[in-house]
Amino acid sequence: MPRRYHNYPPEFQVLHVMSTLGASILAVGYFLPMGYLLYSLVYGALAPENPWRATGLEWQTPSPPPKHNFEVTPLVTEDPYSYRPQDESFIPQGISTGGTQSHET
């Protein structure tokens, strides 16, 4: 559309409304995650030090990490992608529980 028209032709009215509606939907799409982020920053619970109970070395240091991560070189005895359950109700993904498995198609 040319600029500086005091009145646009009526055949373009539907396109203007659709453009305005699309811009409004896009604005909502930006503001909703921003609102969720701000809400979680103010009211959200802090995550524990190792929320996934991972055994990798990056989860064995405190946060923020000290200048020298480890005072003593750690002895690695487990696969970095294995998880150790701290209670019996925790079952990592990909581990068979002995029952039948269903496969989604």
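Predicted model: local features only at pLDDT ≥ 70, side-chain atom pairs only at ≥ 80, totals over all residues.
Residues are numbered from 1 along each chain as its sequence is written, and side-chain values use heavy atoms, with hydrogens and water left out.

Next, colour the model by pLDDT, the predictor's confidence in each residue on a scale from 0 to 100; the protein averages 77, and 76% of the residues score at least 70. Select residues 99-105, where the pLDDT is below 50 and where the model has 1 contact beyond near neighbours in sequence, a contact being heavy atoms within 4.5 Å.

Now switch to a cartoon view, in which the secondary structure comes to 1 helix and 0 strands; helices (H or I, at least four residues) and strands (E, at least two) are DSSP runs, numbered from the N terminus. Select residues 13-43 to pick out helix α1, and within this helix find Y39.

Show the side chains of Y39 and Y43, which are 4 residues apart in helix α1 and therefore separated by about one helical turn. Y39 counts as exposed at 54% relative accessibility, and Y43 also counts as exposed, at 60%. Rings of Phe, Tyr and Trp (its six-membered ring) pair if their centres lie within 6.5 Å, with planes under 30 degrees apart counted as stacked, over 60 as edge-to-face and the rest as tilted. By this rule there is 1 aromatic pair: the ring centres of Y39 and Y43 are 5.0 Å apart and the planes stand at 45°, so the pair is tilted.

What share of the contacts with a separation of 6 or more joins residues 24 or more positions apart? Such residues account for 41% of those contacts.

Methods. Buried < 20%, exposed > 50% of the residue type's maximum accessible area, 1.4 Å probe, protein only.
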